[in-house]
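Please examine the sequence and structure shown here. The briefing below is arranged by topic.

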Amino acid sequence: MKLLSEYRDPELVLRLLGKIEARITRSWRIMEVCGGQTHNLVKYGIPSLLPQAITLVHGPGCPVCVTPRRLIDQAVALAERGVVLCSYGDMLRVPGSRKSLREAKAGGADVRMLYSPLEAVRIARENPGREVVFFAVGFETTAPANGLAVAHAAREGLRNFSLLSAHVLVPPAMEALLTDPDCRIDGFLAAGHVCTVMGCEEYEALAARHRIPIVVTGFEPLDLLQGILELVILLEEGRAEAKNAYGRVVRREGNPEARALLTRIFARVDREWRGIGTIPGSGLDLRSEWKAFDARVKFALDPEKSEEAGECQAGKILKGILKPPQCPLFGTKCTPIAPKGAPMVSSEGACAAYFHFAGFASGAETKESVASAP
Amino acid sequence: MNPAFSCPLPKLDFSEIQLGHGSGGMLMQKLLEPVFGLFSHPALAEQHDGAIVSTAGRIAITTDSFVVSPLFFPGGDIGTLAVHGTVNDLAMCGARPRYLALGLILEEGLPIAELWKVLCSIRQAANDCSVAIVTGDTKVVERGKGDRIFLHTTGVGDLHPEAAISARRMEVGDRILLNGPVGDHGVAILSVREGLSFESAIESDTAPLHRTVLRLLDRFGTQIHFLRDATRGGVATVLAEAAQQGGKGIEVEEALIPVGEEVGSACELLGLDPLYVACEGRFVAVVAPEIAEEALLEIQQSGWPQAAAIGWVAGEHPGKTLLRSAIGGRRPLPLLPGEQLPRIC
């Protein structure tokens with residue numbers, strides 16, 4: 001299989017676009033939940049190819065972008081106290097209330113960008129005299145690997161490794177969007193890789209409870225268009241069901257081993273989301289039996305809440321109530337260099353996408369000029 | 001390295017750089033003696049603080065610093081980059097590179113053998129590019145105050161009589177040419193960076209570009225409107241800057257931009273966009289449409305068989321660059337807010 005070309009075949013793309021066009025009879029607002037999906041939708045310019053009746057509402061971005069100031073502040077404080085603070089690459093630029101991890105690094109803190117939490121365990125093993133903290137961020141997709149790092153550290157008896165958990169869960173966030181009476185989303189593309197771990201059952205319940213169709217969707221252009229097609233069919237037929245359009249990867253029961261590991265290591269907690277607020281049961285922290293590896297406990301971190309940006313309209317933008325330029329901070333106090341809310345942090349978040357598209361023709365004109373291009 | 005090129009390590013009484021090597025005293029003379037020999041040039045042999053050289057008329061001048069880590073990587077090292085980088089900046093002005101001034105900032109404790117290896121690379125690259133190193137400077141910083149070797153090169157070149165290179169000369173309908181696959185240098189560096197090393201056969205694309213550029217100027221003169229080499233920020237950044245500086249729209253086709261299969265796979269795994277990954281031997285030429293086909297052939301025949309026409313200057317969206325994706329969708333190619341960071345999701 002050629003991953004880099006097989007699911008990006010321009011001819012098959014056209015065929016799927018034709019099928020979507022043929023099924024659609026009215027306007028639909030569709031939210032893709034995962035930042036990875038948004039990234040590829042933007043990367044391949046898919047919004048410019050879809051029928052105008054479809055409005056894609058970009059979801060909460062990536063788990064990195066929704067990490068609240070308070071947690072970034074805790075990570076920055078730890079780094080400034082002299083620990084080796086490790087995290088994933090894009091976490092480094094998310095602003096805290098004083099500074100980002102990248103700015104802390106510039107100020108002399110030992111902040112390291114890793115690709116795997118097991119790297120952090122290795123650093124702890126090789127530097128017994130230093131405290132190593134892994135700033136664990138991610139949806140259900142990355143949580144098992146981060147939990148495994150804790151299990152490894154425990155098995156090796158490492159006392160200088162700990163986890164600062166910022167994990168977030170997808171279904172509670174969807175629930176929070178749906179319970180807002182102003183929410184104007186007609187259907188969801190659920191995050192395929194999250195479902196690889198967790199399966200589809202949670203989404204079946206969610207679809208039934210809120211009478212909204214949800215389609216488990218992958219990430220390559222053909223996966224995304226297949227997901228959109230199946231969602232359009234459910235919407236047009238008025239069926240509030242959950243479907244799996246990513247069967248090549250996702251099983252209904254998910255990955256039982258990874259789920260068991262999650263249950264063993266983590267407990268559900270309330271979590272604050274940047275720009276949205278606190279969502280009940282939407283986060284994962286280490287269970288009390290693993291508290292020796294919990295950076296919050298180990299370093300007695302200050303639980304005090306920091307102020308979220310008051311004027312940031314991220315919550316309303318994510319619910320499809322406002323467009324980014326309608327936010328008073330857009331393009332002035334909030335830019336990709338100095339982002340206030342999650343949708344501006346991520347380069348393909350809704351606000352950043354609007355920011356970068358400023359100066360281009362509208363979607364319709366863009367489509368016409370494709371045909372006239374030399 | 002060229003096997004015919006011999007560059008034996010000189011016999012010295014020390015094996016590591018000490019603070020005294022930057023003191024201006026005897027220790028410094030001991031260190032520099034073999035260096036003057038290595039770069040033998042009459043102007044350098046004067047051992048003066050500057051060099052007196054002759055040029056043909058209008059000159060181009062450029063300056064650049066090199067701080068790459070690690071110092072040695074597949075396909076090159078900091079020394080090769082320090083020559084090619086400055087040679088290429090002169091080439092992009094439309095100039096024939098002639099002279100380089102070389103600044104060395106060395107960290108206390110640096111093994112002499114490493115320094116010598118870098119100096120030998122500089123000599124070989126300079127020979128290959130027919131540029132002379134005519135003056136220089138050496139400083140030593142305390143251990144921990146540098147990163148083994150920092151280099152700085154300043155270059156002087158004779159401007160081609162027909163050169164008129166400026167983003168403001170881009171015109172609607174101009175074609176955009178690229179000399180080869182992008183992203184190799186950045187991925188080669190990442191493949192050997194601490195904590196990230198992965199096995200790959202990808203080598204840096206570092207290469208001098210002046211010969212190709214001079215051939216273009218000899219043949220097409222003022223119909224070559226704009227030239228820029230893609231370095232940090234990759235080819236996407238060059239295109240975004242060109243649109244911004246020229247006040248014109250640019251449109252490119254993703255499917256026409258060559259990306260090596262291994263580089264594409266590595267970027268996919270690492271969560272990077274190859275269009276924003278660094279190159280060291282790639283350039284974009286914006287040329288008049290009438291000569292685009294012949295200019296592309298000229299680039300291909302001057303050692304870049306994979307050169308491609310990737311887009312055009314558009315009448316719409318002035319100041320912005322638009323990419324038509326491999327599946328036909330459209331998206332902007334903006335400047336990144338900072339460096340490209342790997343995505344976790």
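Predicted model: local features only at pLDDT ≥ 70, side-chain atom pairs only at ≥ 80, totals over all residues.

Residues are numbered from 1 along each chain as its sequence is written, with chains lettered from A and ligands numbered from 1 in the order in which they are written.

**Overall form of chain B**

- Chain B contains nine helices and 13 strands; helices (H or I, at least four residues) and strands (E, at least two) are DSSP runs, numbered from the N terminus.
- The radius of gyration of chain B is 21 Å, close to the 20 Å given by the globule rule for 345 residues, so chain B is as compact as a globular protein of that length. The radius is taken over C-alpha atoms, and the rule is 2.2 Å times the number of residues to the power 0.38.
- Along the principal axes, the C-alpha atoms of chain B fill a box of roughly 65 × 50 × 35 Å.
- Of the 345 residues of chain B, 51% count as buried. A residue is buried if 20 or more other C-beta atoms lie within 10 Å of its own, exposed if 12 or fewer, and partly exposed in between, with C-beta atoms placed from the backbone.
- Among contacts in chain B between residues at least 6 apart in sequence, 85% join residues at least 24 apart. Two residues are in contact if their C-beta atoms, placed from the backbone, lie within 7 Å.

**Domains of chain B**

- The domain assignment gives domain 1 (19-159) and domain 2 (167-332) of chain B; such bounds come from an automatic or database domain assignment.
- The centres of domain 1 and domain 2 of chain B, taken over C-alpha atoms, are separated by 28 Å.
- Their contact takes 20 residues from domain 1 of chain B and 22 residues from domain 2 of chain B.
- On the side of domain 1 of chain B that touches domain 2 of chain B, H3(B) gives the most, with nine residues.
- By class, that side of domain 1 of chain B has eleven nonpolar, seven polar and two charged residues. Ala, Val, Leu, Ile, Met, Phe, Trp, Tyr, Cys and Pro count as nonpolar, Asp, Glu, Lys and Arg as charged, and the others, Gly among them, as polar.

**Contact between the chains**

- In the contact between the chains, 44 residues of chain A meet 29 residues of chain B.
- The largest share of the side of chain A that touches chain B, five residues, comes from H3(A).
- The residues on that side of chain A divide into 25 nonpolar, 13 polar and six charged.

**Local backbone features**

- A cis peptide bond, with omega about 0 degrees, joins Ser69(B) and Pro70(B). Pro70(B) is placed in the loop between strand S1 (59-66) and strand S2 (72-73) of chain B.
- Gln47(B), although not a glycine, has a positive phi of about 50 degrees. Gln47(B) is exposed, with 11 other C-beta atoms within 10 Å.
- Ser130(B), also a residue other than glycine, has a positive phi near 55 degrees. Ser130(B) counts as partly exposed, with 13 C-beta neighbours inside 10 Å.
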